[in-house]
Amino acid sequence: MINRNLAKVVAEQGHQDLLMVVDAGFAIPLGVETVDISLSENNPMVLDVLAELRKFHSVEKMILAKQTQETNPTLFNKISTMWGNDIEIEVVDHSELKQISKTVKAIIRTGDFTAFGNVILVSGAGGRWYCEK
């Protein structure tokens, strides 16, 4: 990952920390650490960022807005299967997603102009842990 600010927020994620990837229009709460990687309209897209994060970041659950599912079902399906079919998907109202956004550890803002293109990633522990039993 060559973006050092993005690499930093990913490296700081612990088990069950929240990391959010948002579209260009999402109202980012004051005080939440933000990595703004928007370059131009639809560049990069939320899916582009998620594809890169998938290489480095363990996710055990995703939280998406029901408005994403209703308005852009193709995007919803692509996001919800990005880490495979074993990841829990929680669907909440967009207003609840905005409330949860106030508690995330960091937000990554993209240039995506797809309506309701926002997702909260719940960080996983990964498959590296030694367990005797």
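What follows is a conversation about how some terms apply to one predicted model.

Trainee: What should I know before starting?

Mentor: This is a predicted model, where local features need pLDDT of at least 70, side-chain atom pairs count only at pLDDT 80 or more, and totals for chains, interfaces and linings use all residues. Residues are numbered from 1 along each chain as its sequence is written, and side-chain values use heavy atoms, with hydrogens and water left out.

Trainee: Why is lysine 61 called buried?

Mentor: Buried means under 20% relative accessible area; exposed means over 50%, and partly exposed lies in between (1.4 Å probe, protein chains only). Lysine 61 has 18%, so it is buried.

Trainee: Where is lysine 61 placed?

Mentor: In strand β3, residues 59-65. Strands (E, at least two residues) and helices (H or I, at least four) are DSSP runs, numbered from the N terminus.

Trainee: What makes the pair of lysine 61 and glutamate 90 a polar contact?

Mentor: A polar contact is a pair of N or O atoms within 3.5 Å. Within protein, one atom must be able to donate a hydrogen and the other to accept it; residues adjacent in sequence count only if both atoms are side-chain atoms. Here the two side chains are 2.6 Å apart, so the pair qualifies.

Trainee: Which residues does lysine 61 contact, leaving aside neighbours within four places in sequence?

Mentor: Ile87, Glu88, Glu90, Ile120, Leu121 and Val122. Contact means heavy atoms within 4.5 Å.

Trainee: How do you know that strand β1 is largely enclosed?

Mentor: Five of the five residues of β1 (18-22) are buried, so the rest of the structure largely encloses it. Leu18, Met20 and Val22 point one way, Leu19 and Val21 the other.

Trainee: What makes β1 and β6 a pair?

Mentor: Two strands pair if DSSP finds at least two bridges between them. Four bridges join β1 to β6, which run antiparallel. Valine 21 has valine 119 as its bridge partner there. β1 also pairs with β5 (106-109), in the parallel sense, over four bridges.

Trainee: Why are β2 and β4 called edge strands?

Mentor: The open sheet has six strands in the order β2-β5-β1-β6-β3-β4, with mixed pairing. β2 (33-36) and β4 each pair on one side only.

Trainee: How do you know that the buried residues of helix α4 line one face?

Mentor: Leu75, Phe76, Ile79 and Ser80 are buried in α4 (73-80). Seen down the axis, they fall within an arc of 125 degrees, so they line one face. That arc is taken from the directions from the helix axis to the C-beta atoms.
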